[in-house]
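Colleague: Hi! Could you walk me through this one, beginning with the ligand surroundings?
Modeller: Happy to, here it comes.

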Amino acid sequence: MDSLESLFSLRGHRALVTGASSGLGVECAKALALAGADVALIARRGDRVVALAKELAKSHGVKTIGIGADVTIDADLDRVMADATAALGDIDILVNNAGVSPTGRAERFKREDWDNAIAVNLTAPMMLSQRVASRLIETKQPGRIINMASIYATVASAIYRLSAYAATKAALANLTRQLAVEWAGYNILVNAIAPGWIPTEATEGGIAKSANRERMETFTPMKRLGTPEEIRGAVIFLASPASSYVTGTLLSVDGGYQAW
Ligand SMILES: NC(=O)c1ccc[n+]([C@@H]2O[C@H](COP(=O)([O-])OP(=O)(O)OC[C@H]3O[C@@H](n4cnc5c(N)ncnc54)[C@H](OP(=O)(O)O)[C@@H]3O)[C@@H](O)[C@H]2O)c1
């Protein structure tokens with residue numbers, strides 16, 4: 001590797017990003033396309049992923065497809081794999097980004113919110129990872145899986161009531177380690193990203209309350225929230241040759257939040 005291009009280029013790779021209709025998923029998709037990967041984008045709001053797919057094809061000259069799908073429905077996942085593979089070829093980079101963050105007091109937390117958080121934040125990453133990895137193992141190809149965890153994979157929140165979120169993100173972090181160990185021999189590297197609070201559709205409601213924002217900023221060593229664009233470097237790193245000996249890790253993008 002004697003050039004910056006060879007360290008970070010994703011040209012010739014085919015990535016699938018879930019939850020690419022807003023927030024961090026859009027940034028992951030943009031980062032992967034910028035690095036040269038062909039990208040398949042999925043979310044329930046199919047109009048948004050189709051529009052982003054067209055935009056990225058035009059701006060970066062990569063192959064793209066946008067697919068409307070619900071990651072909690074197995075039949076949708078099968079359709080996504082079939083359509084993405086038909087359009088791009090076998091997927092070798094998977095970004096499990098789709099997520100939900102229901103809030104509510106633990107003593108009254110709604111069962112349906114709990115079940116949906118487990119389905120979207122934990123079960124869907126496992127089901128998609130299985131589908132991608134089994135094909136890579138069968139064809140003896142290397143690959144990358146990147147799971148979008150959270151600072152609340154390692155610590156609890158004193159500001160927000162996030163029992164289902166904290167539980168599922170912690171489980172996703174340890175699922176990341178387990179898959180990394182099981183699939184290391186196939187050169188399928190599995191890592192997670194742990195972002196701090198970044199204003200997006202999911203967080204702007206809670207963060208918009210200035211008291212919450214101030215508290216988050218106070219307890220973040222860098223004294224500010226992140227921006228969605230600041231997720232791009234971590235995604236490119238974990239998808240690229242630059243991280244060829246990195247697996248089973250949780251990469252924090254949190255302004256130092258978990259450091260104290
Ligand atoms: N923003 C932060 O501060 C922060 C911090 C740490 C971790 N994260 C994590 O980053 C990821 C993205 O969050 P975000 O902040 O960008 O939130 P967001 O803007 O609300 O994006 C969430 C994405 O998940 C998709 N999604 C939700 N349920 C789905 C389902 N059943 N099937 C398919 N897609 C589904 C949504 O698409 P549709 O509604 O169109 O289906 C949307 O694209 C999440 O995993 C979140 O936990 C965010």
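Modeller: This is a predicted model. The shell around the ligand is made up of 15 nonpolar, 11 polar and five charged residues.

Colleague: Nice. Which residues are the closest to the ligand?
Modeller: Those are Arg44, Asn97, Tyr165, Ile198 and Thr200, out of 31 residues that surround the ligand.

Colleague: How far is the polar side-chain atom of arginine 44 from an oxygen atom of the ligand?
Modeller: That distance is 2.7 Å. With arginine 45, a side-chain N or O atom lies 2.8 Å from an oxygen atom of the ligand. Tyrosine 165 has a side-chain N or O atom 2.7 Å from a ligand oxygen atom.

Colleague: And how much of the ligand does the protein bury?
Modeller: The protein buries 94% of the 870 Å² that the ligand exposes when taken alone.

Colleague: Where does the ligand sit?
Modeller: You will find the ligand in the largest pocket.

Colleague: Which helices each supply at least two residues of the shell?
Modeller: Helix 2, residues 23–34, does, and so does helix 6, residues 163–183.

Colleague: Switching to the whole chain now: how many helices and strands are there?
Modeller: The protein chain has nine helices and seven strands. Its radius of gyration is 18 Å, close to the 18 Å from the globule rule for 260 residues, so the chain is as compact as a globular protein of that length.

Colleague: What does the C-alpha trace span along its principal axes?
Modeller: About 50 × 45 × 35 Å.

How values were computed: Residues are numbered from 1 along each chain as its sequence is written. This is a predicted model: local features need pLDDT of at least 70, side-chain atom pairs count only at pLDDT 80 or more; totals for chains, interfaces and linings use all residues. Side-chain values use heavy atoms; hydrogens and water are left out. A residue is near a molecule or strand if one of its heavy atoms lies within 4 Å of it. A polar contact is a pair of N or O atoms within 3.5 Å; within protein, one must be able to donate a hydrogen and the other to accept it, and residues adjacent in sequence count only if both atoms are side-chain atoms. Accessible areas come from the Shrake-Rupley method with a 1.4 Å probe; for residues, only the protein chains shown count as cover. On a 1 Å grid over the protein atoms alone, a cavity is a set of points where a 1.4 Å probe fits but cannot get out, and a pocket is an open set with protein on both sides within 12 Å along at least five of seven lines; lining residues have an atom within 4 Å of a point. A molecule sits in a cavity or pocket if more than half of its atoms lie within 2 Å of its grid points. Helices (H or I, at least four residues) and strands (E, at least two) are DSSP runs, numbered from the N terminus. Ala, Val, Leu, Ile, Met, Phe, Trp, Tyr, Cys and Pro count as nonpolar, Asp, Glu, Lys and Arg as charged, and the others, Gly among them, as polar. The radius of gyration is taken over C-alpha atoms; the globule rule is 2.2 Å times the number of residues to the power 0.38.
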